[in-house]
Amino acid sequence: MQFSLSEKKFYRILSIALAFVMLFALINVNSIPAQAKDNKKIVILYFSATGTTKAVAKKIKKNTNGKLIEVKAADAYTSADIDWTDDNSRVTKEHNSASSPAKSSVRPKIKNLSAIKKAVEKADVVYIGYPIWWGTAAWPVNGFITANNFTGKTVIPFCTSSSSGIGESGELLAKEAGTGNWLEGERFQSGASEDDVKDWVEGLDL
Ligand SMILES: Cc1cc2nc3c(=O)[nH]c(=O)nc-3n(C[C@H](O)[C@H](O)[C@H](O)COP(=O)(O)O)c2cc1C
């Protein structure tokens with residue numbers, strides 16, 4: 001069969017394009033995390049006042065391909081608000097007003113609650129991240145936990161702190177939520193490495 005010059009050019013471009021498509025597909029297959037292969041829908045919800053928990057949440061996303069959603073307080077916490085060494089700061093006052101160890105009575109309104117609810121409804125696995133505030137989960141988490149139905153879903157708490165462990169924070173949230181299959185959570189220190197997070201996610205074996 002005789003090809004004209006323009007046909008030859010066309011087929012050359014087509015074969016280069018196909019080679020690129022195949023290369024791209026190959027790269028993507030290799031980067032699909034194990035969990036995504038099972039078609040499990042994963043959502044990673046996190047509240048973070050100063051970025052530490054956010055950094056861990058982003059690493060979880062990288063290792064799960066889950067949907068990352070920041071939990072935003074309608075009345076955002078400024079750096080003055082979260083000065084826990086100041087007796088008159090917002091968090092100190094909220095902390096002092098709390099009536100239970102879970103601080104569940106402190107329930108800041110959540111700006112993006114409907115987006116969170118929609119994502120949770122569709123998910124099979126829900127990671128929930130927060131900084132430790134006075135030994136328990138930062139209270140913006142209280143602001144959405146009871147508004148969601150976690151029935152049939154696996155829920156995994158994770159946190160960051162200066163020195164405290166995750167303590168009872170996960171159990172208290174599970175109690176508060178009342179639904180869901182809550183796994184034992186994990187505490188990460190500031191600057192947790194890619195490998196720390198990857199090893200933990202893989203160890204969950206979901
Ligand atoms: C109001 C408040 C209370 C805190 N309480 C504790 C605590 O009880 N134990 C601890 O180890 N760290 C405590 N910290 C430190 C934070 O848990 C830590 O800096 C965390 O990694 C911050 O996460 P973020 O950057 O995602 O907000 C507290 C911080 C704040 C702002």
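How far does a backbone N or O atom of Ser-162 lie from an oxygen atom of the ligand? The distance is 3.1 Å. The model is predicted. On its own, the ligand has 640 Å² of accessible area, and the protein covers 90% of that.

**Ligand site**
- There are 19 residues around the ligand.
- Ser-48, Thr-50, Thr-53, Thr-160 and Ser-164 come nearest.
- Ser-48 uses its side chain: an N or O atom there is 2.5 Å from an oxygen atom of the ligand.
- Gly-51 uses its backbone: an N or O atom there lies 3.1 Å from an oxygen atom of the ligand.

**Ser-169**
- Ser-169 sits in helix H7, which covers residues 169–177.
- Its relative accessible area is 1%, so Ser-169 counts as buried, the cut-off being under 20%.
- A polar atom of the Ser-169 side chain lies 2.6 Å from the backbone oxygen of Ile-166.
- Neighbours within four places in sequence aside, Ser-169 is in contact with Tyr-130, Ile-132, Thr-136 and Ala-137.

**Nonpolar surface patch**
- Four residues form a nonpolar patch on the surface: Phe-10, Tyr-11, Leu-14 and Leu-18.
- Together they have about 400 Å² of accessible area.
- Phe-10 belongs to helix H1, residues 5–31.
- Phe-10 has a relative accessible area of 49%.

Conventions:
Residues are numbered from 1 along each chain as its sequence is written. This is a predicted model: local features need pLDDT of at least 70, side-chain atom pairs count only at pLDDT 80 or more; totals for chains, interfaces and linings use all residues. Side-chain values use heavy atoms; hydrogens and water are left out. Patches are made of residues with over 30% relative accessible area and no salt bridge: like charges are joined within 9 Å, nonpolar side chains (Val, Leu, Ile, Met, Phe, Trp, Tyr) within 5 Å. Accessible areas come from the Shrake-Rupley method with a 1.4 Å probe; for residues, only the protein chains shown count as cover. A salt bridge is a side-chain nitrogen of Lys or Arg within 4 Å of a carboxyl oxygen of Asp or Glu. Helices (H or I, at least four residues) and strands (E, at least two) are DSSP runs, numbered from the N terminus. Buried means under 20% relative accessible area, exposed over 50%, partly exposed in between (1.4 Å probe, protein chains only). A polar contact is a pair of N or O atoms within 3.5 Å; within protein, one must be able to donate a hydrogen and the other to accept it, and residues adjacent in sequence count only if both atoms are side-chain atoms. Contact means heavy atoms within 4.5 Å. A residue is near a molecule or strand if one of its heavy atoms lies within 4 Å of it.
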